[in-house]
Each structure stands twice: as structure tokens, then as C-alpha cells.
Amino acid sequence: YSVGDNENSLSSLEIIVPRDLADGFVNNKRESYKFKFQKIFDQEAKQDVVFDSIAKPVAECVLAGYNGTIFAYGQTGSGKTFTITGGAERYSDRGIIPRTLSYIFDQLQKDSSKVYTTHVSYLEIYNECGYDLLDPRHEASRLEDLPKVTIMEDSDQNIHLKNLSLQQATNEEEALNLLFLGDTNRMIAETPVNQASTRSHCIFTIHLSSKEPGSATIRRSKLHLVDLAGSERVAKTGVGGHLLTEAKYINLSLHYLEQVIIALAEKNRSHIPYRNSMMTSVLRDSLGGNCMTTMIATLSIDKRNIDECISTCRFAQRVALIKNEVVLNEEIDPRLMIVRLKKEIQELKDELELVTGKQRTSELSQEELLQLDELIEAYLEDNDPDSTLDVGADIRKIKYCFVHVKQLLNNSKISDKKLLSQHISEEEDTNREAGEEELKKLKELLQQRDNEINILVNMLKKEKKKAQDALLQLNAASAGSTVLEHSLSVNLEESQSPSGCFNLKEAKDFRSSVHKLPFLSRQTGGKMSLGCQEAFEVFKQDHADSITIEDNKQLLKQRFTEARCLGEKLNEVRNKINHLKGEITQRRIQRAALAVSSPSEEPNTLDPVEEKLRTQIEEEKKSYETMFNRLKVLKVEIEHLQLLTEKVKMKLQKDFEDWWSEEAINLQV
């Protein structure tokens, strides 16, 4: 195969299949297949490059209020799940979903002009049945006992999913925790083609709503990130049993997806078979509606997979022929609309009564009288000459306002001098309050920064203590294994002595009890036995994931060291800012004393020393803000690395338990 990249036009992929001489001299099979794509990535492409080229433009459209979809299609083992979700070994292997979540929440934090609300859902379609991957009952119940997600359609042909939960995520950490929870509950099995093959279609959806303060318009958008199960030829893989049933459902749903794509590509087609499968029903808008859709075709370029590669490329070319009409998803907030219409109805009624001359005979209520008093008081206290007193078109309210204002003028005995002095005192109070308010804000900001630094320092101390405790437990485990070996050797010596009556059957029972010990202790809630711990250490050294755990530990150690250094530098910068503020205060005191002793000098001249100190404070504040932002980025990376390490540890422990059970059974046999 060969790849032709051109910056001005589309990239091209050409696959050449030489003719087989075994088929005879008369052979009309095609030798060259050429396909065009917007972008082609080789096997060495990094995850950040894929995200910037594919997912970032779609995420920007979702933030602007448009719907978006990204789905990966290809045969099993070609890298769909790695592209969409990512790998668990390294932080740089994060896929499109975690990088999109990080990008979206970063943009939401920067945009303070709107109020955003973010929800997340995770749907799994396994054997043509829908399940909620975020359901907390997943771990405690069997798959058959969980409620199935069903499709419901309203009168406008909009799709609604019953039993699919929407979880609110206020920040990136909560969204990533929901993603890891859903990935843990996915259906994964080992096949002859792929050691960890996903046996279901999964749709991770981000629901985003935005609203400007005071506006009645709401923008709602959603982003589907779809990881399709891989197609496979049963005759080639030779699977059976449950794997065969799963492969049938996977291939059937992908067949229906291709039917929908073919129907959408035909211009004169009146019926689109969306209802043939659950996946095409859920993705109706993404395939042929109001959505900006991007498809990723993953290929496993190999001689035995060449037919699947050509089929995948042909499917991608059909998808490229579909054109969706994308519109901005805006709607009016119904609650604000109801309030506005009620107010408009009341104003029209008042104007109609004023025009027709029909006066109301009922008296004003006590609540209406209090409201009028407040309006009159605010109108009289307002110093703006263009201000108006708006009480509507009700003649009763107009008459009451005239009477009330007349009473206030008759009872008023305030002189011009008193009004002038009151005006001056109000200005002084306003200036003093403004100064106190600014000082209070600065104190609150400083206290907030102190609290954030203390929290980060405490986090570093806790992580350091955890590392020390883990080291102590490791030393204790090694010491315990030595004691156990000594005790076993003593028992064997006693069994060989003439005085001992330890026969072969008792030795076999004792050995089986030793192998059953860790499982009995785990069932009773105790800790792992010493022999099991020693075996676990040997198993961990030979396991492939131990290198990944050590690499993550080293990376975590580097990030913790960097975070600790940043915390110390932040404290130094803060102390320096306080010291500079103290110097400014001392400078002002000195100038004030000098002005009292020498009244001839002008007190309002600018002090160059004070201006220099202020410049230094601004520079230190910028440095403080830069280091603080870096510390926040480190916090997110440390949390993500901790989650990855914990996931790999759980997998290592599960593999050890399976191996230990097999060894115990072999010894008993």
C-alpha cells in the first residue's frame, strides 16, 4: 500500500493486490484500489495529533451549540477502542474521550459570560440489548437482571432512551471517574484475533447546555463518541459458543448500519431503515440529521486482512457521500416566557381600562400599597433628573401616588443646608465604603490563595505518608515469609524424627490447607497470608504490567516533586508580596510625617520609590498566577496517573488470583 499526502487536496490511500497465478491466466480481478480521505495517520501517529485533527474541531462546534458525533469503524483488533478511549499504560496514551473532556471543561472555565451545565451518559449495546454502563448495580447484579434501555419515540419522531441515566459532571475529574466506571463494566472477551476484544457497541454522550445571564434563550448540544465493536469473519476466526453468538449480533448490527449508509447516499430513496437495529435508531441524528459527524476508519494492513481493509475503505467512501444539515440548537426558556407573557397581559388590561374609561371599583390591596410606597420612595431618592415613576395604566394607582407625594411634600421640613451637608456626608461614606470593600476583597483573595496552597501541601504530605506505609508493609511481608519458611522446615524435621507420627496423608492435608489459606482469609475479610504475599511478589516481577506500574510510580514521583517545589516557590512569592506591601505602608507613613513637618512641599507628587514597589508587586503577582496555574495542571495529571495505576493494579491482582486458584487445584489433584 502507499499513502499520498497533499496539503491542498485530500490524502489518498492506494492498495495493490497482485494477481495470483494459481487462479489461471484468465484473471480479471482488480489489482489496484485507490481511496481518498481527509486525513491519513500512520501507525506511529501520536494520540494528541489525532485529537487535534479529528476531535478538536467537533468539540468546538459542540461548544458553539451544534451537535457532533465521532465514531470509529473497522475490523476487530485494528485499534478502535485505543483511538476512542485510549490505553491504560501511559498518560500520553489517553484517547479521544478523555482529551475531549479535558478540552471542553478547560474552555468552559475560561468562558465566564455564560452559565454551562454538563451531563454524561454511557450506553452499551450488547447482543442488540441496551444497558446503562453508569448504573451502580452493574457490579452486584448479573447482566440479565439489569434493566434494559428501551427506545421511545415522540410525535415529532425524536428518540428518547428509557432507563438510561444522565449523570451531572461539574468538572473534569467527575467526568473522568464516570468514564472509568463505564469502561470497567464493558463486555470484553479474548478471541483468536484480539486478546481484549470489546464485544459490544458503546456510545459515550456529553450533553451541554449554555445560557447567558438574563437571557431567555438556551443552547443545547450533544456530542456522541462511539466505539463500535469490530467486525470479524467467523470462518476465519473459528469461534464458537458465546463468542459465536456475540459475533452474529455484531455483524448483523454492522450490516444494518451499512444498509442505512447506502440508503442515505442514494438521493431518490424515500425510506431509510433506521428501525432495523437499536444502534441505527439511537444514532439517527448522527447519520442523517442535525449533526456534524466524523468517521474514523481503522485498518490492520496485513496480507491476511486485505479483504477487510478494502471493505472498510469502501464503507468510509459511502459515509463521505452523506451530507447533513447542521442547525444551531436554540430554544426559549419556558419559565421566563410564561412570566413575560403574564406581565404583558396585565399591561394590556390596564391600557384597555385607561382608554375605555372604565374605572375599577375595588380598592388596592395592602401588598399593592406597600409596593407603591417603595416605588415612590425610590423615585424621590433617585438623583437622576430623567428618572420616571412607572405605575402602569391603573388610574387608582396614579391617584394614590399623587396623594402620597403631596403628603410627603407637606410634611417635609428639611432645609437646603441640611440637604447639602447630608449630600457631602453621603459622598464621604461612599468613598470610605468603597475603600473598605476593596481592602476586604484583597484580604479574601489572599486568604483563598493561602487555603489553596495549604490544601496542596497537605495532599503532598498524605501521598508521601502513603508511600512510606507501602514501603513498611513490603518490609514486613518479606520478614513474615522468612518466618513461615522456618516454621515449615521445623515441622518437616519433626515429621522425619522417630517420635513424630506425621504420615503422608496428613502432610497432603496440611499442604492443601496452606494453599487454601489466602482464599479463606480473604473470604473472612482478613489480609493476605504470608506465603501468598511472597508468591504475589514473584508473580508481580514476572508480569508484564509491573513495568507499567513502576513507570507510573516514577512519573508520579516526578510530578509530586515538581508540585512540592512549586508550592515552596508560591510561599516565597507570597511572602515577598507581603514584604513589598509593608515597605509601601512604611513609605506612606514617612511621607505623611514629612508633609506635616514641611507643609510647603506638595503632598500630591508621585513617589518614584512607591511606584517601583508597585511594579515589583505586579510582577510577583503575575509569577504567582503562572505557577498556580501550573500547579492546577499538575493536580489533574497526578489524579489521572493515580487512576491509571489503580486500574493496572486491579488487573494484576485479578490475574494473580486466577493463577493462584489454578495452582491450588493442581496441587490438590
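Colleague: By class, what residues does the lining of the largest cavity have?

Modeller: Keep in mind that this is a predicted model. The lining of the largest cavity has 4 nonpolar, 4 polar and 3 charged residues.

Colleague: Which residues line the largest cavity?

Modeller: Ile125, Tyr126, Asn127 and Glu128 are among them, and so are Arg199, Ser200 and His201. The lining also includes Glu246, Tyr249, Ile250 and Ser253.

Colleague: Which element gives the largest share of that lining?

Modeller: That's helix H6, with 4 residues. Helix H6 (242-265) and strand E5 (115-126) each supply at least two residues of the lining.

Colleague: What volume does the largest cavity have, and how many cavities of 30 Å³ or more are there?

Modeller: The volume of the largest cavity is about 50 Å³, and the count of cavities of 30 Å³ or more comes to 4.

Colleague: How would anyone spot empty space in there?

Modeller: You roll a probe the size of a water molecule over the atoms, and that shows where empty space is left.

Colleague: New topic. Where does UniProt place the "binding site" feature?

Modeller: The UniProt record, an unreviewed entry, puts it at Gly74, Gln75, Thr76, Gly77, Ser78, Gly79, Lys80 and Thr81.

Colleague: Take Lys80 from that list. Where is Lys80 found, and is it buried or exposed?

Modeller: Lys80 is found in helix H2. It counts as buried because its relative accessible area is 5%, under the 20% cut-off.

Colleague: What does the side chain of Lys80 reach?

Modeller: It reaches the backbone oxygen of Gly74, at 3.3 Å. Leaving aside neighbours within four places in sequence, Lys80 is in contact with residues including Ala72, Tyr73, Asp227, Leu228 and Thr298.

Colleague: And Thr76, where is its place?

Modeller: Thr76 is in the loop between strand E4 (68-74) and helix H2 (80-84). Thr76 counts as buried, since its relative accessibility is 5%.

Colleague: One more: which loop has Asn67?

Modeller: Asn67 is in the loop between helix H1 (47-64) and E4.

Colleague: Why does Asn67 count as buried?

Modeller: Because its relative accessible area is 8%, and buried means under 20%.

Colleague: What lies 3.2 Å from a polar atom of the Asn67 side chain?

Modeller: The backbone nitrogen of Lys222 does. Beyond its neighbours within four places in sequence, Asn67 is in contact with Val62, Arg220, Ser221, Lys222, Asn290, Cys291, Met292 and Asn329.

Technical notes
Residues are numbered from 1 along each chain as its sequence is written. This is a predicted model: local features need pLDDT of at least 70, side-chain atom pairs count only at pLDDT 80 or more; totals for chains, interfaces and linings use all residues. Side-chain values use heavy atoms; hydrogens and water are left out. UniProt positions are given in the numbering used here, feature names are shortened, and annotations may be inferred rather than shown by experiment. Buried means under 20% relative accessible area, exposed over 50%, partly exposed in between (1.4 Å probe, protein chains only). Contact means heavy atoms within 4.5 Å. A polar contact is a pair of N or O atoms within 3.5 Å; within protein, one must be able to donate a hydrogen and the other to accept it, and residues adjacent in sequence count only if both atoms are side-chain atoms. On a 1 Å grid over the protein atoms alone, a cavity is a set of points where a 1.4 Å probe fits but cannot get out, and a pocket is an open set with protein on both sides within 12 Å along at least five of seven lines; lining residues have an atom within 4 Å of a point. Grid points are joined across faces, edges and corners, and a volume is the space filled by probe spheres set on the points. Ala, Val, Leu, Ile, Met, Phe, Trp, Tyr, Cys and Pro count as nonpolar, Asp, Glu, Lys and Arg as charged, and the others, Gly among them, as polar.
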